[in-house]
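Take a look at the structure below.

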Amino acid sequence: MRMLASHARKTPRLIGLGLVSLGVLFGGCEGCQKKTPVDDIAAEDAGLRSGVKVPLPPGWSAQVATDGSFQAGPPGRPALRVDLKPGQGEQMPSSETLADNVRQQMKQFTLSLDQEEDTPSFALLRVTMAPSLADGGVGPEAPAFFGARRVGDDLFLCASLPGATAEEVRLATEACRTIQVQAAPR
């Protein structure tokens with residue numbers, strides 16, 4: 001990965017390309033059906049699965065996209081996307097696999113690796129990305145993360161959404177890291 005030195009604001013081109021890339025990686029978002037302000041989202045409210053909780057930072061709200069993905073963020077805009085892959089926990093990708101997928105899907109971007117993390121139940125890839133320009137230069141940089149969380153037999157794929165600030169990417173990463181499934185009441 002090429003390293004970048006400058007930090008600039010995101011542009012509409014960067015956001016648009018990032019959104020297309022996230023759609024290819026995680027199935028895309030076609031809109032939202034519901035918005036619920038809460039600190040902890042139970043699966044019934046998040047469209048995930050009964051007993052699933054995604055702990056959210058204070059002030060964040062959650063919404064469910066028409067494609068069934070969970071999205072959360074500060075008021076007015078999502079910064080985190082989570083897709084549930086039931087029964088696919090054994091297929092949890094490593095941070096290296098996440099990096100390979102991101103490199104392959106985001107060839108139009110210059111990427112710099114900021115953080116990789118692997119545990120038996122969590123994989124994280126945090127990057128800084130900038131669109132590669134036709135003149136050989138690079139556009140404005142933006143932070144992003146891609147993660148996978150295994151909980152029991154299920155796999156949760158997470159990603160920051162275009163427009164997220166560095167702090168929102170950090171908070172989204174922690175929300176993904178702490179996804180949990182609670183036992184059904186008896």
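Start with a network: salt bridges link D67, R81 and D83. Keep in mind that this is a predicted model. Side chains of opposite charge can pair when their charged atoms come close.

Zoom in on one pair. R81 and D67 meet through their side chains in a salt bridge, 3.0 Å from N to O. R81 belongs to strand 6 (residues 80-85), while D67 sits in the loop between strand 4 and strand 5, so the bridge ties together parts that are 14 residues apart in sequence. Is R81 buried or exposed? R81 is buried, because its relative accessible area is 4% and buried means under 20%. D67 is partly exposed, at 29%.

D67 has another partner. Its side chain makes a polar contact with the side chain of S69, at 2.9 Å. S69 lies in the loop between strand 4 (61-65) and strand 5 (70-73). It is buried, with 0% relative accessibility. Beyond its neighbours within four places in sequence, S69 touches Q63, V64, R81, V82 and D83. The C-alpha atoms of S69 and V82 are 5.9 Å apart, although 13 residues separate the two along the chain.

How many salt bridges does the structure hold? There are eight. One of them joins the side chains of E168 and R77, at 2.6 Å from N to O. This pair links distant parts of the chain: E168 is in helix 4 (residues 166-177), and R77 is in the loop between strand 5 and strand 6, 91 residues away. E168 is buried at 10%, whereas R77 is partly exposed at 34%.

Now stay within helix 4. E167 forms a salt bridge with R170, with the closest N and O atoms 2.6 Å apart. The two residues are three apart in helix 4, so about one helical turn separates them.

Key: Residues numbered from 1 in each chain as written. Predicted model: local features only at pLDDT ≥ 70, side-chain atom pairs only at ≥ 80, totals over all residues. Heavy atoms only, no water. Helix = DSSP H or I, 4+ residues; strand = E, 2+ residues; numbered from the N terminus. Buried < 20%, exposed > 50% of the residue type's maximum accessible area, 1.4 Å probe, protein only. Contact = heavy atoms within 4.5 Å. Polar contact = N/O pair within 3.5 Å; in protein donor to acceptor, adjacent residues only side chain to side chain. Salt bridge = Lys/Arg side-chain N within 4 Å of Asp/Glu carboxyl O.
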